[in-house]
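Hi,

Here is the two-chain model I promised to pass on.

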Amino acid sequence: MTQKKNPSAGRITDVTTQNLERVAQLTDLLHRLDNLRDHERMQLSRELHDTLVSTLSATKLECDWLLRAQPPGAAETQKRLSRVSGSLAEAILFTRQVIDRLWPAAVQHLGLVAAIQGQLAPLRARWGVEVKPDVQGDMETLPEVHAMTLYRAVQEALNLSAEAASPPRVRLSLKRSDKGVELQLALPSAATLRDLTGSRLDGALMQERVLRLRGEYLLADDGEGTVHLRLFLPLPLRGRGIARAAP
Amino acid sequence: MRANANASGNAPRIMVVDDHVASGDLLREILSMEGYVVRVAHCGEDAVVAAREFKPQIALLDVGLPDMDGYALARLLKSNPALHQIRVVALSGYAQSTDADGSREESFDRYLLKPVDVEQLLSVLESLS
């Protein structure tokens, strides 16, 4: 009598190690793609600054020169030159905003706290709202990637607040401890939970960045028109300080 | 003409430091039209050398210079005994809160946001000269 063989016998393979290796490879690839994306954004922002902004600025000055060189009777020409100068100023500011969103070089040039305070300046200009961040601990020696992530979180949230129809009530605190750095932000209702949780590309990218740093990203709506954002980033044992560059 | 001549009847001397050649030259032309005596430098090192000879009363610095941080250049100019009364105006693309950083804030007497508003710039220069 011949014994039937189990067709699957001897074919069982433990793929745990292979899967773990594959996950590690994919994670590594993801990090490299993220770094490449950041590098491209940085390059693009530099090129925009060095070419477009410089050219627009020089053209605006040229226009201002023409404006001042006009004889007193040339009212119509003065009016039109003044309008062109104003449009160029708007184009420069807009391009700077795009550059800042691509790569927030202000963090490197000014330091995290000053760069965040610079972001708050438009609130003062538009609404007369003075937001004083509550800063505890040294923020200037944070690793660059941490500082950039915190800045971008504030940037995205404030962009949403800027769309508010009434003066936003923004509260912002930054606290550094031995374990990490924590950002807390309270925003008006115009910045909805949906906006901040990924319906916008930048919101989704922000979440990704936080997760990549093994951080925590919590959002809550108090039901009274305010969204609370808490972001915690653990710090490596030896944090690399921000290498400050010339703007 | 917006430049106020000093007690000896001389027009104020202004040094413009901007790495963008066209912008620096245009600022010189505009300020010269207003009666200032202007010299332009395109990097920090040239500015330090030019300042020794030109002895500007006011320096107009682009904060983002290729070879030197504008803050460092401002401190360098102010530390020169021959220029102890120099007033330094920063031109920067980054909005900065007045109390953002005391140590860097001290480097400059005024801080102007780019793009330069010529009227605002002339008012600042008038108040400093």
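B:L113 is partly exposed, because 18 other C-beta atoms lie within 10 Å. For that scale, buried means 20 or more other C-beta atoms within 10 Å of a residue's own, exposed means 12 or fewer, and partly exposed is in between, with C-beta atoms placed from the backbone. B:L113 belongs to strand β5 of chain B; helices (H or I, at least four residues) and strands (E, at least two) are DSSP runs numbered from the N terminus. The C-alpha atom of B:L113 is 5.7 Å from that of B:G93, although the two are 20 residues apart along the chain. Across from B:L113 stands B:S92, and β4(B), residues 87-92, runs parallel to β5(B) with four bridges between them.

Some housekeeping: this is a predicted model, so local features need pLDDT of at least 70 and side-chain atom pairs count only at pLDDT 80 or more, while totals for chains, interfaces and linings use all residues. Residues are numbered from 1 along each chain as its sequence is written, and chains are lettered from A and ligands numbered from 1 in the order in which they are written.

Now the rest of chain B. There are five helices and five strands, and along the sequence they follow β-α-β-α-β-α-β-α-β-α. The five strands make an open, parallel sheet in the order β2-β1-β3-β4-β5, where strands pair if DSSP finds at least two bridges between them. β2 (37-41) and β5 (110-113) of chain B each have a single partner strand, so one side of each has no neighbour in the sheet. On average, neighbouring strands of this sheet are turned by 20° against each other, direction ignored. Helix α1 (residues 21-33) of chain B packs on the sheet, where it touches β1 (13-17) and β2 of chain B, and its direction makes about 175° with that of β2(B). Angles here run from 0 to 180 degrees between N-to-C directions, with axes being lines fitted to C-alpha atoms (for helices, over the stretch in contact).

Which residues of α2(B) are buried? They are B:G44, B:A47 and B:A51. Down the helix axis these fall within an arc of 45°, so they line one face of α2(B); the arc is that of the directions from the helix axis to the C-beta atoms. They pack against β1, β2 and α3 (70-79) of chain B, while B:V49, B:R52 and B:E53 are exposed on the other side of α2(B). Helix α2(B), residues 44-54, lies across β1 and β2 of chain B at about 170° to β1(B). Just after α2(B), B:K55 has a positive phi of about 50°.

On to packing. The largest nonpolar core has 38 residues, and B:I14, B:L60 and B:V88 are among those with the most contacts inside it. A nonpolar core is a set of buried Ala, Val, Leu, Ile, Met, Phe, Trp, Tyr and Cys residues joined through C-beta atoms within 7 Å. Another core, of 37 residues, lies apart from it and includes A:I116, A:L150, A:V181 and A:L185. Back in the 38-residue core, B:L60 is in contact with residues including B:I14, B:V17 and B:L91, leaving aside neighbours within four places in sequence; contact means that C-beta atoms, placed from the backbone, lie within 7 Å.

In chain A, look at β5(A), residues 226-234. β3(A), residues 180-188, runs antiparallel to β5(A) with nine bridges, and A:V181 has A:L233 as its bridge partner. β4(A), residues 216-221, is also antiparallel to β5(A), joined by six bridges, with A:L219 opposite A:L229. Four residues separate β4(A) and β5(A) in their hairpin, where A:G223 takes a positive phi near 75°.

Between the chains, 23 residues of chain A are in contact with 24 of chain B. On the side of chain A that touches chain B, α1(A) gives the most, with nine residues.

Finally, confidence. Where pLDDT is low, the predicted coordinates should not be read in detail.

Cheers

Methods:
Two residues are in contact if their C-beta atoms, placed from the backbone, lie within 7 Å.
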